[in-house]
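Hi,

Here is the structure I promised to pass on, with the sequence alongside. Have a look at it first, and my notes follow below.

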Amino acid sequence: MPKRRARPPAEGAYVTSLYVRRTPPLRLFMRRVGLAFGAALVAVMIFWFERDSLRDIDGHVSFIDVVYFTAVTLSTVGYGDIVPVTDRARLLDALAVTPIRLFLWLIFLTTAYELFWQRLTEEWRMKQMQKGLVDHIIVCGFGYSGSSAARMLGATEPERQKIVVIEREPDKLEEAAASGFIGVRGDCTRDVVLIKAGIETASAILFCVRSDEVAALATLTARNLNAKVRILATVKDQDNLRLLKRAGAQEVIAPSRLAGHLMADAVRSRYTTRFVSDLLAAPGGFMRITERSANAGEVGRAWRDIPGMLVIAVERAGGIVGFWEPGEHRILDGDLIFAIEANPSAGKIELAPPL
């Protein structure tokens, strides 16, 4: 039988560093009550079979007396009207009933912690974490696309702490937590969830959700909450590219369209698709695309003389200057460089010939 998934809470926000699979509070409480009654029943049975070793002030120990004695013993009240009088009864009380008593107290304490104190602690830690979230990146959806993007963006531990994952599925949030990301459980189309994730101070938000309609609604919501945040989204149907851009997304990607182009190109080319796929596999690929500002040591040098990279184009004065334009190109102060460079951590590029 498949596991039932807990419904997301109304405002759905949990910090993944504290995230565990949530059991509904009523079910958790009833489960603990059942364990407590079970432990108490074991103690009643022990005392009932050893009732001849107990002494009551009236000289007779009934089943009600055994239940009463169990209750006052486990609760550590101990009125003293019923007492064990034999060594065997005292050993049973010390070695069998005392662990049950401690077990019951442990159940009560952990239940109180999980139902009340832990939630308060998580809320406090969430507020403290929100205060430190500035210029972070929000990834909505931790499926294949979302998890790949998050892992590429969070290559180091400090970078992972600047990524917040929004998801509805507990299993995926646990996976995000295991990867070191901060997570919020909820619906990315809701204001309260985006605010919990720090949308007002985020530098960018990525929508990698399963539905184009959800992506459009979430884009409108995010743009309404932060007019300056950079919004990127994926769509399943390329006809929705224009819809997402009108909703406020700066960049919209249709993975199916990109895959189609690569497959069509692979029909006639031998290595083009492999090179492009390698570029898209960063940071694990042999090559990577770099976008950065020119440094002082590069200003005045020809593009071809920049070591370790192949300069494709630069952004200059609001326009693009590409390698395809005639003349000798040199780096100027203030240029934004677009280049392909080798990934030093990947080793030597070795592409096997096509079969």
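A quick word on terms before the tour: a residue is called buried when its relative accessible area is under 20%. Please also keep in mind that this is a predicted model.

With that cut-off in hand, let's start at strand 3. Ile137 and Val139 point to one side of this strand, Ile138 and Cys140 point to the other, and all of them are buried. Strand 3 is joined to strand 4 by four bridges, and the two run parallel. Across that pairing, Cys140 stands opposite Ile166 of strand 4. Strand 3 also pairs with strand 6, again in the parallel sense and over four bridges. Here Val139 has Leu206 of strand 6 opposite it.

Zooming out, these strands belong to an open sheet of six strands, in the order 5-4-3-6-7-8 and with parallel pairing. Strand 5 and strand 8 (251-253) are the edges; each has a single partner strand, so one side of each has no neighbour in the sheet. On average, neighbouring strands are turned by 15° against each other, direction ignored. Further along the sheet, strand 6 and strand 7 pair in the parallel sense through four bridges, and Phe207 stands opposite Ala233 in strand 7.

Two helices are worth a look against this sheet. Helix 4 (residues 144-153) lies across strand 3, strand 4 and strand 6, and runs at about 160° to strand 3. Helix 8 lies across strand 6 and strand 7, at about 175° to strand 7.

Now for the packing. The largest nonpolar core holds 29 residues, and those with the most contacts inside it are Ile138, Ile166, Cys188, Ile205 and Phe207. Among the elements that give two or more residues to this core are strand 3 (137-140), strand 4 (163-167), strand 6 (204-207) and helix 8 (212-225). Helix 8 provides the largest share, four residues.

Which residues does Ile205 touch, leaving aside those up to four places away in sequence? Its partners are Ile138, Cys140, Leu194, Ile199, Ala222, Val229, Arg230, Ile231 and Leu232. There is also a second, separate core of 14 residues, which includes Ala36, Ala43, Leu74 and Leu104.

Happy to talk any of this through once you have it open.

Best wishes

Terms used:
Residues numbered from 1 in each chain as written. Predicted model: local features only at pLDDT ≥ 70, side-chain atom pairs only at ≥ 80, totals over all residues. Heavy atoms only, no water. Core = buried A, V, L, I, M, F, W, Y, C linked by side-chain atoms within 4.5 Å. Buried < 20%, exposed > 50% of the residue type's maximum accessible area, 1.4 Å probe, protein only. Contact = heavy atoms within 4.5 Å. Pairing = 2+ DSSP bridges. Axes fitted to C-alpha atoms, helices over the stretch in contact; angles between N-to-C directions.
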